[in-house]
Amino acid sequence: MSNPRRTSGFTYSETQDLQAIKSMEETLFFSTHPQIPGNLDPVPAAEISNAPQDPKSENATSTTASITSLSKSDDSSSSEEEDSSSTSDCLDENVPRDPLDEQAALLVNFLLQKYQMKESITKADMLNVMGKYRSQFSEVILKATERMEIVFGLDLKEVDPICHNYVIQIKLGLTYDGMLDGEESMPKTGVLILVLGVIFMKGNRATEEEVWEVLNVTGMYSGQKHFIFGNLKSLITEVFVREKYLEYQKVPNSDPIQYEFLWGPRAYTETTKMKILEFLAKVHGTDPSSFPSQYEEALKEEEERAQAAANLSTTIVAKESSSATFGSSSHP
């Protein structure tokens with residue numbers, strides 16, 4: 001699909017698409033601010049879920065929190081070295097918190113430690129973390145799983161329903177989590193999925209300004225060190241580009257010069273537009289077909305991939321058959 005570049009404003013469909021993106025953004029900051037790189041020790045539940053709840057989304061999902069105060073606080077600062085404490089200060093500690101949300105945040109903290117240490121996870125381990133809320137395991141693990149998915153791009157899966165063993169995998173077929181060996185850091189696949197989603201929803205290319213416009217809503221700023229993900233400017237324009245998930249190039253004939261992002265070859269190899277769209281739709285609480293143009297494009301790509309796989313399979317079978325025939329004729 002080829003969308004014309006816009007100079008200002010949004011068309012109706014673009015506004016609708018942006019709403020889908022913003023719905024995903026608004027779930028990025030549940031109660032994760034205590035879990036910063038280098039400090040993954042469990043923290044008191046009272047310190048975890050400080051993000052004020054957005055009354056407009058109250059009926060949509062109990063795990064969606066308002067990020068208004070976070071965004072407003074960051075708007076007034078451009079310091080490159082802003083640390084996690086200044087971000088935490090803007091959160092309203094007097095807002096009532098759902099105890100299950102607090103338990104989910106504690107569970108996420110625990111799961112991230114396990115993921116970093118590459119240790120096995122059992123239901124018994126998680127129940128121990130939950131303490132008196134053990135009887136509400138299903139509700140808490142659902143909330144924790146949603147946070148792992150949206151914020152960090154990770155999937156918690158039960159691989160042994162008898163012994164109740166779990167593993168954490170990177171979502172959507174991606175293979176990179178942004179964690180360096182020997183360093184304490186957070187998985188960054190959630191940021192990657194967000195950027196890939198923005199690019200797709202913007203017509204397969206998004207200017208740097210458009211990407212940061214979306215990221216700013218989540219409290220992610222180009223000139224600030226993020227309290228979870230660190231130097232985002234470097235992560236997106238250097239690391240993700242170096243890993244070939246993104247392409248970063250000048251916008252042709254732009255004056256003044258602008259830069260834009262496209263999907264890189266590794267993104268096309270590991271994931272699909274349909275997976276990204278399904279992810280966006282899930283967060284938005286709707287169906288992929290609710291975004292007709294993107295859905296049509298994703299379906300077309302699925303069909304092309306299926307046809308390419310079928311052609312490859314036919315070619316391999318033909319070569320094997322030819323080789324077998326040649327072999328038998330050469331040895332009477």
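Predicted model: local features only at pLDDT ≥ 70, side-chain atom pairs only at ≥ 80, totals over all residues.
**Entry: I150**

Next I asked myself: is I150 buried or exposed? I150 has a relative accessibility of 8%. Buried means under 20%, so I150 counts as buried at its 8%. Then I checked a partner from another part of the chain. I150 and V283 are 133 residues apart along the chain, yet their C-alpha atoms are separated by 8.0 Å.

**Entry: the whole chain**

I stepped back for an overview. I noted twelve helices and eight strands in the protein chain. The chain has 332 residues, and 48% of them count as buried. I also looked at contacts with a separation of 6 or more: 64% of these come from residues 24 or more positions apart.

**Entry: the nonpolar core**

Which residues touch the most other members of the largest nonpolar core? I found L111, M126, F152, V191 and I236, out of 69 residues in that core. The helix that gives the most to this core is α7, with ten residues.

I left aside its neighbours within four places in sequence, and M126 was still in contact with L107, F110, L111, I121, F137, I141, L156 and Y166. One of those partners, L111, is also on my list of core residues that touch the most other members.

A friendly reminder to myself: two packed helices are described by the angle between their axes and the distance between the axes.

How do the axes of α7 and α8 cross? Helix α7 spans residues 189-201 and helix α8 spans residues 208-217; their axes come within 10 Å and cross at roughly 130°. That angle makes α7 oblique to α8. I wrote down the handedness too: the crossing is right-handed.

Which residues make the contact? From α7 I listed L194, V195 and V198, and from α8 I listed V211, V214 and L215. I sorted the residues of this contact by type and got six nonpolar, no polar and no charged.

**Entry: along α8**

I then went through α8 for buried residues and found E208, E210, V211, W212, V214 and L215. My last stop was just after α8, where G219 takes a positive phi of about 90°.

Technical notes:
Residues numbered from 1 in each chain as written. Heavy atoms only, no water. Axes fitted to C-alpha atoms, helices over the stretch in contact; angles between N-to-C directions. Helix = DSSP H or I, 4+ residues; strand = E, 2+ residues; numbered from the N terminus. Parallel < 35°, antiparallel > 145°, perpendicular 65-115°, else oblique. Left-handed = near helix turned anticlockwise from the far one by under 90°. Contact = heavy atoms within 4.5 Å. Nonpolar A, V, L, I, M, F, W, Y, C, P; charged D, E, K, R; others polar. Core = buried A, V, L, I, M, F, W, Y, C linked by side-chain atoms within 4.5 Å. Buried < 20%, exposed > 50% of the residue type's maximum accessible area, 1.4 Å probe, protein only.
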